[in-house]
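Good morning, and thank you for joining. I would like to go through one structure with you; please look at the display.

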Amino acid sequence: MLRINERLRTGGQVIGTYRKYRSSHGLLPFIELNGQRIEDSQDGLTGAERGTARALERMVDVSTFYALIYDKVVPNGPAFMSRTVTGIPLPAFLSNMFAKKFSETIRRRCNGVLGGLPRENMKESLRRDIRAIDDVLQDKKFLFGGKMTVTDCAVFGQLATTFYLPYRQLVTDLLEDEFPRVRHYIQRIRQHYYPEWKDE
């Protein structure tokens, strides 16, 4: 949802009505504009850029996503399920109980995809993913120049929803210590397109 919201905010060509049914590819969400389904768009990119954009999107939607969700939930279940993050005023014993169950569910799902990697190997996998983003970004404002693309929305959506949680994780360490360009990139997008998003 953050990706769609972000795409709408950036003034991209994808503007219309969000529908709660699946696209022709079986995916959620997508945009419908004047009766036409817009499920993905990489307008304005060259052939090589389209290939790079597609590879980055798949990377952040699979390996990056699972490494991020594993780290933000499994070792940090109580923090993730805390009132500060969820906004739900549950007593600590209940949120801890839910955190334990949710953490175990996420552990099983991630292990099914990532093969039960030890945390250090997961950190290295996440490091390689963020390095790939950094390699494409270089010193540009956005991944492919001066204009936001769907790929920027995908990358921002995955990294920001984890990086800005109120507790430290692998991604926090990596962006702050090793990849300052990527950190500045997500901060720049947040400040420009989400000025109302304040740290609590």
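The structure holds zero disulfides, a disulfide being a pair of cysteine sulfur atoms within 2.5 Å. C110 is buried, at a relative accessible area of 1%, and C153 is buried at 1% as well. Here buried means under 20% relative accessible area, exposed over 50%, and partly exposed in between, with a 1.4 Å probe and protein chains only.

A word on the basis: this is a predicted model, in which local features need pLDDT of at least 70 and side-chain atom pairs count only at pLDDT 80 or more, while totals for chains, interfaces and linings use all residues. Residues are numbered from 1 along each chain as its sequence is written, and side-chain values use heavy atoms, with hydrogens and water left out.

I turn to the helix pair. Helix 7, residues 150-163, packs against helix 8, residues 170-177, at about 105°, with the axes 9 Å apart. Helices are DSSP runs of H or I with at least four residues, numbered from the N terminus; axes are lines fitted to C-alpha atoms over the stretch in contact, and angles run from 0 to 180 degrees between N-to-C directions. Helix 7 is therefore roughly perpendicular to helix 8, the class for 65 to 115 degrees. Helix 7 contributes L159, T162 and F163, and helix 8 contributes V171, T172, L175 and E176, where contact means heavy atoms within 4.5 Å.

Finally, T86 lies in helix 4, residues 83-86, and is partly exposed at 30% relative accessibility. Leaving aside neighbours within four places in sequence, T86 contacts F80 and M81.

Definitions and conventions. Helix = DSSP H or I, 4+ residues; strand = E, 2+ residues; numbered from the N terminus. Parallel < 35°, antiparallel > 145°, perpendicular 65-115°, else oblique.
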